[in-house]
Each structure stands twice: as C-alpha cells, then as structure tokens.
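These are my notebook entries on one protein model. I record what I looked up, entry by entry, with the cut-offs behind each term.

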Amino acid sequence: MDTAKLLEILRITLPVFALLGLGNILSRTGKMTENHQSFLNWLVYYISLPALIFAGMAGQPSGSLMAGNFIWATLLAMLALLVIYTAIAFVMRLDKKVAVIMIFSTYWSNCAYMGFPLTESAFGERGFLMAAVLNAVIMPVMVVISFVMVGMCSEKKQGILKSLRDGLANPIIMASLAGIAWSAAAAALRLDGEGFGTLPLVVREGLGICELIMKSVGAMGLSLALIAVGGKLRFRSLGRNAAPLTLAVAGKLVILPIITWAVLRALFPNTPKDVFGSAVLLMAMPTAVTCAVIAAKFKLNEEFVSAVIAVSMLGSVVMIPVWLYFVL
C-alpha cells in the first residue's frame with residue numbers, strides 16, 4: 001500500500017471531517033444553537049460562497065471554463081442515476097414523499113460546502129474550478145429537475161415555471177453564472193491576460209482590491225460552512241425506511257461515482273487526470289444539506305431526508321478516502 005498516498009488522503013480529508021465534528025460537538029453541547037446555525041448558513045449561502053465562486057471563476061480564462069468532458073460525464077451520470085432510481089421507486093411502490101427524496105438525494109451532492117475544499121486540496125486550482133463549473137452548469141439542470149419532481153409529489157403544489165425560478169435563484173448558481181459571464185466579457189473585450197494592463201491604474205488596483213476582499217470573505221465561509229453542516233447532523237430514526245435509506249446512500253456514495261468513472265473511461269478516455277479525479281470525487285460527496293431545507297419547504301418526509309443526510313455524511317468518512325485513493 002502506498003504510504004505517501006494514504007498520508008496525502010489524510011491531509012485532504014481530516015481537516016474537513018474535523019470541522020464537521022467540531023460543529024456537531026458545539027451543537028450537542030449547546031454552544032451552537034439553531035439560531036447560530038441559521039446565521040452561519042445564511043452568511044455562507046448568501047455571501048461567502050457566492051463571493052468565493054465569483055472571484056474564482058471571473059479570474060479564469062473563458063476557454064478553461066468549457067470543460068466539455070467534465071460537464072457531459074457528470075450530467076450523463078446524474079441523469080442515468082435519476083432514471084435508474086425512478087424505476088426502482090416505481091417497482092418498490094414507495095410512498096411518493098419517500099420516493100422523491102430517495103431519488104434526488106442520490107445526485108444532489110454537497111458539492112459546495114464540502115466539494116470546494118476537498119477538490120481544491122486534492123487537485124489545486126483545477127479542482128476548485130471543476131467544482132465551480134459543476135455548480136454553474138450541471139447543478140442548475142439537476143436542481144430544476146428536482147424542484148419539478150418535488151412540486152409534483154408534495155402537498156405544496158407549484159407550477160414548472162415557479163420550480164424553474166426557484167432552482168435558478170440559488171445564490172451559488174447565480175454567482176457561478178455571473179463569474180462565467182464576467183470571464184466571457186473580459187475575453188470579448190480583450191481584457192484578460194496581458195490586456196488587463198491596458199486599463200487605467202486606478203481601475204486595475206480597484207479590481208484587485210475587490211478580488212482580494214471576495215477571496216477573503218469566501219475563504220472564511222468554507223470553514224464556517226463545514227461547522228454549520230456538522231451542527232445539523234443527527235442520527236435519530238435510522239431504522240425507519242431502511243431499504244430506501246440504504247439505496248439512497250449507496251447510490252450517492254458508490255453508484256454515482258462508479259457511473260461517472262465508467263462514462264469518463266468509455267466516452268472521454270483522454271480526460272486529464274485532475275479533471276477525471278475531480279469529477280469522481282465531486283460525485284462521491286454526501287447528500288446536500290439543502291435537501292432537508294427542500295423537504296421542509298414542500299412538506300415531504302423530513303425525518304427520512306435527515307436520516308439520508310446523516311448516514312451519507314457518516315459513510316463519506318469512509319468512502320471519500322477510498323475514492324481519493326483511486327483517483328490521486
């Protein structure tokens with residue numbers, strides 16, 4: 001066994017899981033209340049991560065954002081899993097409120113709060129960029145599909161246009177799209193690269209200061225996000241809906257990364273190692289905590305979605321290092 005690789009895996013994963021554990025301890029001991037968690041989530045969701053994502057993507061050459069292999073492989077893998085699990089839910093005749101959670105929890109990854117720090121630690125700037133592309137290009141598609149499914153299966157009915165608006169109003173997605181637009185505009189005006197030096201000194205310095213501020217705010221948010229997520233983890237009522245719970249977690253942590261791996265190998269064999277590894281690792285992230293928010297908003301089975309999030313987070317402690325071992 002490669003000792004150096006194992007140490008590298010520990011370097012990447014331990015800080016992330018340590019912050020999750022810290023958040024859980026603070027919550028259980030009463031040092032971090034629900035009000036504290038709500039504030040941290042608001043700060044990270046609406047300010048820190050959008051600032052970090054925009055700064056990271058706006059500073060990239062527009063051509064580097066068109067990661068076709070990455071985009072198609074992850075999108076095809078998620079859509080394939082959606083079809084498979086929809087068929088499974090139909091065959092099992094699951095209650096629709098449980099079925100829709102089982103389906104979207106298999107592909108709705110924690111690719112923002114956990115994906116960014118993990119892929120950046122594993123693959124550097126390229127890994128961070130792939131996480132940003134996933135949030136900007138792939139997740140809007142999957143989020144809209146999820147909102148449509150949820151709207152059809154919940155007590156709180158809403159139309160497709162409202163679902164589309166809710167999906168695209170995600171601040172992380174909006175920041176990603178704004179970063180892409182900025183990068184494209186800079187390329188069109190020939191202000192990227194050496195062209196940046198043609199701007200007046202005051203403008204260049206002002207933009208540089210804004211970039212530093214956004215990156216500082218964003219870097220703060222990654223740690224706070226992990227602490228807030230850890231504070232929400234609870235492992236109650238895991239015995240209920242055991243079969244769909246097991247299927248959801250297996251789909252998220254095992255089947256989705258395998259499908260992504262297979263798609264990349266079969267259709268895009270020349271994919272660079274860092275892009276390949278980022279794709280597989282991002283697909284192996286646990287179920288997004290956002291799923292609990294969606295379940296509460298649409299009056300789905302909140303107990304079941306909480307169990308899926310908790311078990312997938314616990315399982316990721318084992319599976320993320322496993323996937324890192326294969327892709328590093």
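**Entry 1: Gly221.** I began with the contacts of Gly221, which touches Val44 and Ser48 when neighbours within four places in sequence are left aside; contact means heavy atoms within 4.5 Å. Gly221 lies in helix 8. I take helices (H or I, at least four residues) and strands (E, at least two) as DSSP runs, numbered from the N terminus. With 0% relative accessibility, Gly221 counts as buried. The classes are buried for under 20% relative accessible area, exposed for over 50% and partly exposed in between, with a 1.4 Å probe and protein chains only. I also noted that 8.8 Å separates the C-alpha atoms of Gly221 and Tyr113, which are 108 residues apart along the chain.

**Entry 2: basis of the values.** I note that this is a predicted model, in which local features need pLDDT of at least 70 and side-chain atom pairs count only at pLDDT 80 or more, whereas totals for chains, interfaces and linings use all residues. Residues are numbered from 1 along each chain as its sequence is written, and side-chain values use heavy atoms, with hydrogens and water left out.

**Entry 3: the chain as a whole.** I found twelve helices and zero strands in the protein chain. Of its 328 residues, 51% count as buried. Among contacts with a separation of 6 or more, 84% come from residues 24 or more positions apart. The accessible surface of the protein chain is about 14,700 Å², and carbon and sulfur atoms hold 69% of this surface. Accessible areas come from the Shrake-Rupley method with a 1.4 Å probe; for residues, only the protein chains shown count as cover.

**Entry 4: Leu226.** I stayed with helix 8 (residues 201-232), where Leu226 is also found. Leu226 is buried, at a relative accessible area of 2%. Which residues does Leu226 contact, leaving aside its neighbours within four places in sequence? I listed Val16, Leu19, Leu20, Tyr113, Met114 and Pro117. Leu226 and Gly21 are 205 residues apart in sequence, yet their C-alpha atoms are 8.9 Å apart in space.

**Entry 5: helix 12.** Ser312 has its place in helix 12 and is buried, with a relative accessible area of 0%. Not counting residues up to four places away in sequence, Ser312 touches Val249, Leu253, Pro286 and Thr287. For Ser312 and Thr287, 25 residues apart in sequence, I read a C-alpha to C-alpha distance of 6.2 Å. Leu314 also has its place in helix 12 (residues 302-327), but Leu314 is exposed, with a relative accessible area of 52%.

**Entry 6: aromatic pairs.** How many aromatic pairs does the structure hold? I found eight. The ring centres of Trp42 and Tyr46 are 6.4 Å apart and the planes stand at 35°, so this pair is tilted. Rings of Phe, Tyr and Trp (its six-membered ring) pair if their centres lie within 6.5 Å; planes under 30 degrees apart count as stacked, over 60 as edge-to-face and the rest as tilted. Trp42 and Tyr46 are four residues apart in helix 2 (residues 34-58), which means a separation of about one helical turn. Trp42 is partly exposed at 44% relative accessibility, and Tyr46 is partly exposed at 49%. Phe104 and Trp108 make an edge-to-face pair, 5.8 Å centre to centre with 65° between the planes. Phe104 is buried at 0% relative accessible area, and Trp108 is buried at 6%. Phe39, Trp42 and Tyr46 form one aromatic cluster.

**Entry 7: helix 10 and Arg265.** Nine of the eleven residues of helix 10 (residues 273-283) are buried, including Phe276. The charged end of Arg265 sits over the ring of Phe276, 4.2 Å from the ring centre. The criterion is NZ of Lys or CZ of Arg within 6 Å of the ring centre and within 35 degrees of the ring normal.

**Entry 8: Arg93.** Arg93 is not a glycine, yet has a positive phi of about 55°. I located Arg93 in the loop between helix 3 (68-92) and helix 4 (96-104), and Arg93 is exposed at 77% relative accessibility.
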